[in-house]
Amino acid sequence: MNILVAVDEHPYSSYAIGEVSRLAGNTWPDVTLLGVAPEISPDENNPMLRMLRNYRRDLLAGMGSTAEIYGTVSDTGEFRLVEKNVLEESASGRKTFRLRLRSDDPAKSILTEAKHASSDLIILGCSQGESDWSNDTTVSGKVAEGAECSVFVVKETKFPAKVTCCLDHAHVSQASLEMINQIVTLYGVDLEIVGVQKHGSLKKDQEQVMGNVLDYYLERNVRALLRLVDDDALESFFSMGARTDLMALWVGPTSPFQRFFPRHRVSELVNSSLSSILLLR
């Protein structure tokens with residue numbers, strides 16, 4: 001797995017780093033920590049470079065001995081200009097850990113970096129309601145809306161009551177199933193698998209696939225249960241769940257959930273959610 005963690009100087013980024021540390025300890029990903037600044041400079045007194053190194057230190061400390069997968073990481077390394085308006089410092093062991101600083105619009109920088117790094121997952125923090133990247137409260141929503149990969153928006157100090165997984169069970173990918181498994185393990189809570197029914201009934205093939213998904217998680221000792229929601233009540237159900245649960249939603253191009261949450265509404269969904277949200281693509 002290749003994870004891009006976008007950070008700024010606000011407390012929600014520090015909280016997100018703690019969640020990434022726990023997730024990385026289980027998944028052993030390649031990691032990129034990305035900061036964004038109006039201007040970049042390799043000067044050792046640059047506060048953005050110190051911020052990135054401090055976050056790296058905290059992330060690795062939270063991993064304990066597992067951090068050895070990234071080899072020898074030192075705060076006395078050197079940032080170098082690797083392309084126009086991009087500074088990088090990297091270390092490699094069995095896995096790669098990179099620090100990157102870009103100079104551009106925050107949302108654009110995060111999306112550009114995700115493409116550059118072929119990221120499987122973007123993680124960024126958000127306060128209760130919205131982020132404040134460079135005084136732009138819409139950054140988290142813009143990233144979630146524009147990303148081609150999965151996005152995990154971590155709401156500050158909001159521990160979920162459960163993980164509510166609204167997936168297109170006819171097309172769900174193996175990567176999505178594994179991602180949900182990792183998130184449930186991360187928080188140690190129950191999993192609720194939501195199926196959408198029309199006129200009070202499920203299609204036979206959908207019912208079978210939901211059963212297979214349930215078996216997948218039960219075999220992995222995940223406490224999981226099924227729930228059915230009528231399609232005309234899905235949006236209100238999601239809004240209610242977003243107050244207490246970590247909501248996971250499949251928004252890939254083949255998903256019928258696009259009818260309820262098309263790409264242009266994803267930003268609104270992320271910004272209005274009081275709890276963390278995982279968008280799977």
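This is a predicted model: local features need pLDDT of at least 70, side-chain atom pairs count only at pLDDT 80 or more; totals for chains, interfaces and linings use all residues.
F159 sits in the loop that links β7 (150-155) to β8. Leaving aside residues up to four places away in sequence, F159 touches Y187, V189 and T244. A further pairing in space involves S275: the C-alpha atoms of F159 and S275 are 7.9 Å apart, although 116 residues separate the two in sequence.

The wider setting is as follows. The protein chain has 281 residues, and 53% of them are buried. The chain contains eight helices and 12 strands. Its accessible surface is about 12,400 Å², with 48% of that area belonging to carbon and sulfur atoms. Of the contacts between residues at least 6 apart in sequence, 74% join residues at least 24 apart.

The strands come next. An open sheet is formed by 12 strands, and their order is β3-β4-β5-β2-β1-β6-β7-β12-β11-β8-β9-β10, with mixed pairing. At the edges stand β3 (80-83) and β10; each has a single partner strand, so one side of each has no neighbour in the sheet. From one strand to the next, the twist averages 25°.

In general, the strands of a sheet pair through backbone hydrogen bonds, in either a parallel or an antiparallel manner. Strand β8 (residues 163-166) runs parallel to β9, and four bridges join the two. Within this pairing, C165 has I193 of β9 as its bridge partner. Strand β8 also runs parallel to strand β11 (residues 246-250), again with four bridges. Here V163 has L246 of β11 as its bridge partner.

Strand β9 also pairs with strand β10 (residues 224-230), in the parallel sense and over seven bridges. In that pairing, Q197 stands opposite D230 of β10. Why is strand β9 described as largely enclosed by the rest of the structure? Seven of the seven residues of β9 (residues 191-197) are buried, and the strand is therefore largely enclosed. The cover extends to both faces: L191, I193, G195 and Q197 are buried on one side, and E192, V194 and V196 are buried on the other.

Helices pack against the sheet as well. Helix α3 lies across β1, β2, β3, β5 (96-102) and β6, and runs at about 145° to β5.

Helix α3 (residues 106-116) also packs against another helix, α4 (residues 139-146), at an angle of about 35° and with the axes 9 Å apart. The crossing of α3 past α4 is right-handed. On the α3 side the contact is made by P106, A107, I110 and L111, and on the α4 side by V139, K142, V143 and G146. Sorted by class, the residues of this contact are six nonpolar, one polar and one charged.

Key: Residues are numbered from 1 along each chain as its sequence is written. Side-chain values use heavy atoms; hydrogens and water are left out. Buried means under 20% relative accessible area, exposed over 50%, partly exposed in between (1.4 Å probe, protein chains only). Two strands pair if DSSP finds at least two bridges between them. Contact means heavy atoms within 4.5 Å. Accessible areas come from the Shrake-Rupley method with a 1.4 Å probe; for residues, only the protein chains shown count as cover. Axes are lines fitted to C-alpha atoms, for helices over the stretch in contact, and angles run from 0 to 180 degrees between N-to-C directions. A crossing is left-handed if the near helix is turned anticlockwise from the far one by less than a right angle, and right-handed if clockwise. Ala, Val, Leu, Ile, Met, Phe, Trp, Tyr, Cys and Pro count as nonpolar, Asp, Glu, Lys and Arg as charged, and the others, Gly among them, as polar.
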